[in-house]
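Have a look at the model first, then we'll walk through a few spots.

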Amino acid sequence: MCKVLVFAGTTEGRKIAEFLDEQGVPAHVCVATEYGETLLPRGRGMTVSHERLDQAGMEALMKEIQADPVIDATHPYAAQVTENIKEACANTGCSYIRLLRENCAGSEEEKENEVYVDSVEEAAEYLKHTEGNILATTGSKEIHKYTEIPEYEKRVFARVLSLPGVAAHCAELGFQGKNLICMQGPFSMELNKAMLEQFHCRYLVTKMSGSTGGYEEKLEAARQAGAISVIVGRPLKEAGISLLACRGLLCKKFSLKPARKIALVGIGMGDEKNRTEEAREAIAKAELLIGARRMTKACAAPGQAVFVEYDSRKIKEYLDAHPEYETVAILLSGDVGFYSGAKKLLEILQEEEVTVICGIASPVYFLSKIGRSWEDAVLTSAHGKQENLVSLVKHNRKVFSILGTKDGVAELARKLTDYGMGQVQLFVGERLSYEDEKILSGKAEAFIGYEGDPLSVVYLENEQAVPLPAVHGIKDEAFIRDKVPMTKEEVRCVSLAKLGLEEDSVCYDVGAGTGSVSVEMALRCIRGTVFAIEKKPLAVSLLEENKKKFAVDNLKIIEGEAPEAMEALEMPTHAFIGGSSGNMKAILQMLLEKNPNIKIVINCIALETVAETMKALKELPFTDVEVVQMNVSRAKAVGPYHLMMGENPITIFSCKGKE
């Protein structure tokens, strides 16, 4: 039976062995010491040995276990061992993988607990500028070089051979008593560790002496004792792959799909101090960070894998292609539940083990900065999407929104001023939590022309806010009319009720006239859009005036005749037809082409229009057709009496396109 053969002389070697064991891949692991053997798991298909092998022994082992592949995770110092492994692989036909230490792949970067120097002189120069005791294991020939270190007689503990001449030489230099350790090696990891701890040594100085000199036992002892290894010699610059890349190769070779833990992490505003402890911990543990460049740059530790992306589909594709990452943190700005990508990610990653970690949301942070409460504010976002902020401010006393462009504040200020709300109090927050955080306030009109940072939010207070009407039916007198026909309020109530609008509906008002239906639509669809289509110039002028009066910024006025004027408009969910100019069937056909499931309400006064509509509804694919005729009479005072004066009867058609 084939086994993966691992020569494990580093932490990375132990980790890849543990990975193979967890995945149930048969493996044999060679370590250099008995202690190293105790660190490895036992069970399933893993076997472990600590015998030192020459090249011939390696070849024999490779043949015995039918090694495939061979992973060389020995220490960078062990050049001869690595050469033997390579030669053995070449002679046996085994594939060879060089697994390099983390943060050191092909470089000379120093580990936190290791310092590399070129000579004992350089080691002494380095130690001059440190504090703490030193265990020197570089031999007696160069022991005099440690005398350059201040208070070396107290700080340096010299371990040398137990020969009379050596002891006398060291004593002459000032190394005596407990600071002179005369012993014959080799020394086990446990004995090295005991010496470091007994003499409270902060540093251990050693040469790259190879496996026969007990080098690895010294390094492991220093790690165990919390000491820093000062190493005379440099690790070789080698070509190889990282631990994660090695796991990736193994996943591909053996079709492995390791259990993966994904955290959706709300990182707050961006500054590290703004993150929760839970978020910090999840980020630190992650082998891979995913998110927008600003967020990964703020969170990634040196050497941590990063994938710069915020599209949920592309994130899923990347994770599927890289099963080697077992812990992943997907970074989301602010809080995961406030206009973040968490919702889509949870849908697309539903087969994964996903944890959601909350963060500090921008309204919570910003409103606390300006001393305002947020429980009664309307919270929204205009970042990357259409948002009817003007109407929200018109009808709500407190509104908070995320922006996303440099001119977002200026454009909002201009619109508010145009709609007569230039005195609304506006607060702007830019680059929240960063060193260059900026918070400004003033009347909306003062921010016209302001250019800010795209990473911004706004909060607005409108003490003159007018609540939205609870039902359809704004009084006719509230509209600017002139001589243009208008759908009366009672008919409007019934027609809009039949239409059944939602707050994000996209509506057409065909033959909009003064805009009474358009305005009521826009007030109902506060997060949607209404297109008022009108061909008469006077009516278009009245539409503009009523749009401004009612501050319905989501009302778009289209001058032209239907159906041609509708061609370039976005797909409607609903349509109201108040005037067709004899083009009823063509208008209905285009509406169906744009949305086969559209909901339509039609108002007819003339009998000819009723007949035209009935014929079109029979010929075209509509369902749920309903016809209501409405007669409205109004009382009029005549002397001491009141007489009912009838309005023209209205025929109201409602229907829905067949899917």
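So, let's start at Ser255, which counts as exposed because its relative accessibility is 64%; exposed means over 50% relative accessible area, with a 1.4 Å probe and protein chains only. Ser255 sits in the loop between α10 (243-254) and β12 (261-266), and its phi is near 55°, positive even though the residue isn't glycine. Helices here are DSSP runs of H or I, at least four residues, and strands are E runs of at least two, numbered from the N terminus.

Quick caveat: this is a predicted model, where local features need pLDDT of at least 70, side-chain atom pairs count only at pLDDT 80 or more, and totals for chains, interfaces and linings use all residues. Residues are numbered from 1 along each chain as its sequence is written, and side-chain values use heavy atoms, leaving out hydrogens and water.

Asp482 also has a positive phi, about 60°, and isn't a glycine. You'll find Asp482 in the loop between β21 (456-461) and α18 (489-499), exposed at a relative accessible area of 55%.

Now the cis peptides. One joins Asp68 and Pro69, omega about -5°, with Pro69 in the loop between α3 (55-65) and β4 (70-73). Another runs from Ala562 to Pro563, omega near 10°, and Pro563 is in the loop between β24 (555-559) and β25 (574-577).

Definitions and conventions:
Buried < 20%, exposed > 50% of the residue type's maximum accessible area, 1.4 Å probe, protein only.
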